[in-house]
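Work through the exercises below with the structure open beside you. Try each task before reading its solution.

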Amino acid sequence: MGTLVNGTIPAMKCPKNVAMMKATSNGVFDGESPLDFAFPLVILQICLVVAVTRSLAFLLRPMRQPRVVAEIIGGILLGPSALGRITSYKNSIFPARSLTVLDTLANLGLLLFLFLVGLEIDLTSLRRTGKKAISIAAAGMLLPFGMGIVTSFAFPEASSSGDNSKVVPFIIFMGVALSITAFGVLARILAELKLLTTDLGRISMSAAAINDVAAWVLLALAVSLSGDRNSPLVPLWVLLSGIAFVIACFLIVPRIFKLIARRCPEGEPIGEMYVCVALCSVLIAGFATDAIGIHAIFGAFVMGVLFPKGHFADAIVEKIEDLVMGLLLPLYFVMSGLKTDITTIQGVKSWGRLALVIVTACFGKIVGTVSAALVCKVGLRESVVLGVLMNTKGLVELIVLNIGKDRKVLSDQTFAIMVLMAIFTTFITTPIVLGLYKPSEATQMHSSVSYNYKNRKYRRKIENDDEGEKTQQLKVLVCLQSSKDIDPMMKVIEATRGSNETKERFCVYVMHLTQLSERPSSIRMVQKARRNGLPFWNKKRETSSAVTVAFEASSKLSSVSVRSVTAISPLSTIHEDICSSADSKRATFVILPFHKQWRSLEREFETVRSEYQGINKRVLENSPCSVGILVDRGLGDNNSSNFSLSVNVLFFGGCDDREALVYGLRMAEHPGINLTVVVISGLERSRFDILEAQETSIYSVDEQFLAAIKKRANATRFEERTVESTEEVVEIIRKFCECDLLLVGRSSKGTMVSRLTVMKIECPELGSVGNLIVSNEISTSVSVLVVQQYTGKSPSVVGSVTVPVVETP
């Protein structure tokens, strides 16, 4: 009896003279079972793996566990520890003779994934890493590495009875396994906990990146020393050959790919030939390192690190990452589970070794990190949280363990112990961090400090002799869902900047909303954003995305201060990033894009992603300042050199309408803006309206507000319309929709508006008037900005008239 897969799955043995499986069958009608043939069987295995791992990931989602935990547990359940103990299942679904094909696909997925990981590493940014992160990474790795060496002597592999040629590799494998921090898994956990934008998140990400690079170097050393060697000089030749390979790649690879990148202009599709050349280079590099005696993944990783970053690398990632992350990489996790037989952990000594490894891993990593963090003057609680975060294990841990098992450095029992340790340390990270450091506490502390700020609406003082007010800064946070939102948002920002004589400075924060996934592209965006500052705000303008380039070009032309950001979060919680960023940046106004996109030819809306409607609703509910939702219907199509827009404001009454009007007055300061204010009121007030007016003084506030505006806004055109029915309201709205941009309040007040609410409202975030304009009731293609004022109890100042207001939602 012998093992089929490098001696890695002794629980699934078959005779040495077993016949190889044929690839395809002739079908069940010809009397052949698909399970007896390699290709249909591997299809069934992949489908089973995806179904089990995705189901477990869904069940673990409420506990905010990364998907790698579900994939490892899924492999254990499918392997000899659980279902693999059923003989009929093992012989039919995962027979030993089929595992070579499955293991080959898994390693191919791992090789391509390591290439993608290499694409994420920017050597230039690593050189810029601060001393604090370097110190924390060094201390957080040296102490657990040393404790891992000591702990290794508690295992039979390091005892005198073991193979002497495997002792040194085993010690190094144990040290690396206990000192690793999983960068990708850590990024996911930090994003889930909303800690990526904090100092704690930036330190831990930088330290984890340094930790990963050091771990790969040590792992290469361990691999070069492992294996069946007939001569003591063989490990030396392997190590020297590996160094020569890396040097040759550093000298040759960047030059070749830079030449290819020049032939692929940005903005144009990458040719199929260039993609094939890149992928074949990765496979050749993997073959070379495997021939040297180092695992093939090292060659792929080196190619990824040296690959020129930019649109060429992004195009390759987009083409292969879905296949790798969705199908091939889960196979590697499952293969790890199939190799894990928990039943081999028997007796007090075995379970004692498991407890020893867990305690050693946690103690060494946490104590080392906490000690270095305290020396670097990080708070005690933050230092402990940082230590727990750095103790996260994941893919790199499994790679180390699998290579060790394939090289026969780790026994079945030791492998099972180390896999359970990796699952345990990763599983406990999120609960412990949430218990020690709740992001909401920091938010509440910041909210109490900025309470006065939150209760300020967008109320520019039309006349103010205070020199301090003349130098105040208007800050607007603009959110983008896709590149199609750039042009219309730029038009709104250009209109909002006012004239060159405007005394109030104008600053725009541009936030690109991106859904967080476990793909390398999401980690890459995290890394790019992390290099740009809090919360990934681009202060030095180092990024080259279309969003940043477009808005920075606008800022150079119009003297607008622009800062860009990428918000990477699950869509269910991305509104928290928007609100917290608006709060931390003290933004006065947030502009969101409508969740539907306008199709000019068909003259209708298309729902691209319905999830963004929920995001807009949650931002309206939780925003610390006023909010506007831009419904674009061709506002950005006009790209003439002379900027001009006709803007109308519909004023019925209420705080939201007042906010929309004041925002329109800001636009009217721009020389290219022609503003018209349409005041719509009814002849009579119902008894309910009179009672409401007595309770809230809403009409007196509106009247005083309009009087103050008319006295000072001489260049603004005012139109007053008195209506008796909703039909007249609809007709007036239709008439004044003949403009480029229409400003309306979300919760307009008045008799006529209350009658409009009887109509069907498909988009509550737009309010009754906004829904009417967007609906088919009014045939128009005008773009609409629906405004909601931040509600609270504070005085509003308009000119020299101070009006006490009790705002109503």
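Predicted model: local features only at pLDDT ≥ 70, side-chain atom pairs only at ≥ 80, totals over all residues.

Residues are numbered from 1 along each chain as its sequence is written, and side-chain values use heavy atoms, with hydrogens and water left out.

**Exercise 1. The whole protein**

Task: state how many helices and strands the protein has, and what share of its residues is buried.

Solution. Start with the elements. The protein has 32 helices and 14 strands. Both are DSSP runs, numbered from the N terminus: helices are H or I with at least four residues, strands are E with at least two. Next, burial. Of the 809 residues, 56% count as buried. Buried means under 20% relative accessible area, exposed means over 50%, and partly exposed lies in between (1.4 Å probe, protein chains only). Last, contacts, meaning heavy atoms within 4.5 Å. Among contacts between residues at least 6 apart in sequence, 80% join residues at least 24 apart.

**Exercise 2. Helix 6 and helix 9**

Task: describe how helix 6 and helix 9 cross, and list the residues in contact.

Solution. Two packed helices are described by the angle between their axes and the distance between the axes. Take the axes of helix 6 (residues 131–152) and helix 9 (residues 199–225): they come within 8 Å and cross at roughly 50°. Axes are lines fitted to C-alpha atoms, for helices over the stretch in contact, and angles run from 0 to 180 degrees between N-to-C directions. Helix 6 and helix 9 are therefore oblique to each other. The cut-offs are: under 35 degrees roughly parallel, over 145 roughly antiparallel, 65 to 115 roughly perpendicular, the rest oblique.

Now the hand. The crossing of helix 6 and helix 9 is right-handed.

Then the residues. Helix 6 supplies Lys 132, Ala 133, Ile 134, Ile 136, Ala 137, Gly 140, Met 141 and Phe 145, while helix 9 supplies Ile 203, Ser 206, Ala 207, Ile 210, Asn 211, Ala 214, Ala 215 and Leu 218. By class, this contact of helix 6 with helix 9 has twelve nonpolar, three polar and one charged. Here Ala, Val, Leu, Ile, Met, Phe, Trp, Tyr, Cys and Pro are nonpolar, Asp, Glu, Lys and Arg are charged, and the others, Gly among them, are polar.

Finish with one pair. The C-alpha atoms of Ala 214 and Met 141 are 73 residues apart along the chain and separated by 8.8 Å. Ala 214 is partly exposed, with a relative accessible area of 28%.

**Exercise 3. Helix 14 and helix 15**

Task: repeat the analysis for helix 14 and helix 15.

Solution. The axes of helix 14 (residues 347–375) and helix 15 (residues 380–390) come within 8 Å and cross at roughly 140°. That makes helix 14 oblique to helix 15. Their crossing is right-handed. The contact includes Ile 366, Val 370 and Leu 374 of helix 14, and Leu 380, Val 384 and Met 390 of helix 15. The contact of helix 14 with helix 15 has nine nonpolar, three polar and one charged residues.

**Exercise 4. Helix 8 and positive phi**

Task: decide how enclosed helix 8 is, then find residues with positive phi.

Solution. Nine of the ten residues of helix 8 (residues 183–192) are buried, so helix 8 is largely enclosed by the rest of the structure. Arg 188 and Glu 192 are among the buried residues. Lys 194 follows helix 8, and its phi is positive, near 60°.

Most residues other than glycine have a negative phi. Lys 408 has a positive phi near 60°. Lys 408 sits in the loop between helix 16 (395–406) and helix 17 (412–427), and is exposed, at 57% relative accessible area. Arg 586 has a positive phi near 55°. Its loop runs between helix 25 (574–584) and strand 4 (589–593). Arg 586 is partly exposed, at 40%.

**Exercise 5. Aromatic rings**

Task: count the aromatic pairs and describe the one formed by Phe 651 and Phe 705.

Solution. The structure holds seven aromatic pairs. Rings of Phe, Tyr and Trp (its six-membered ring) pair if their centres lie within 6.5 Å; planes under 30 degrees apart are stacked, over 60 edge-to-face, the rest tilted. Phe 651 and Phe 705 are stacked, 6.2 Å centre to centre with 10° between the planes. The pair links distant parts of the chain, with Phe 651 in strand 8 (residues 645–651) and Phe 705 in helix 29 (residues 698–712), 54 residues apart. Phe 651 is buried, at 1% relative accessibility, and Phe 705 is buried too, at 4%. Elsewhere, Phe 115, Phe 257 and Phe 307 form one aromatic cluster.

Definitions and conventions: Left-handed = near helix turned anticlockwise from the far one by under 90°.
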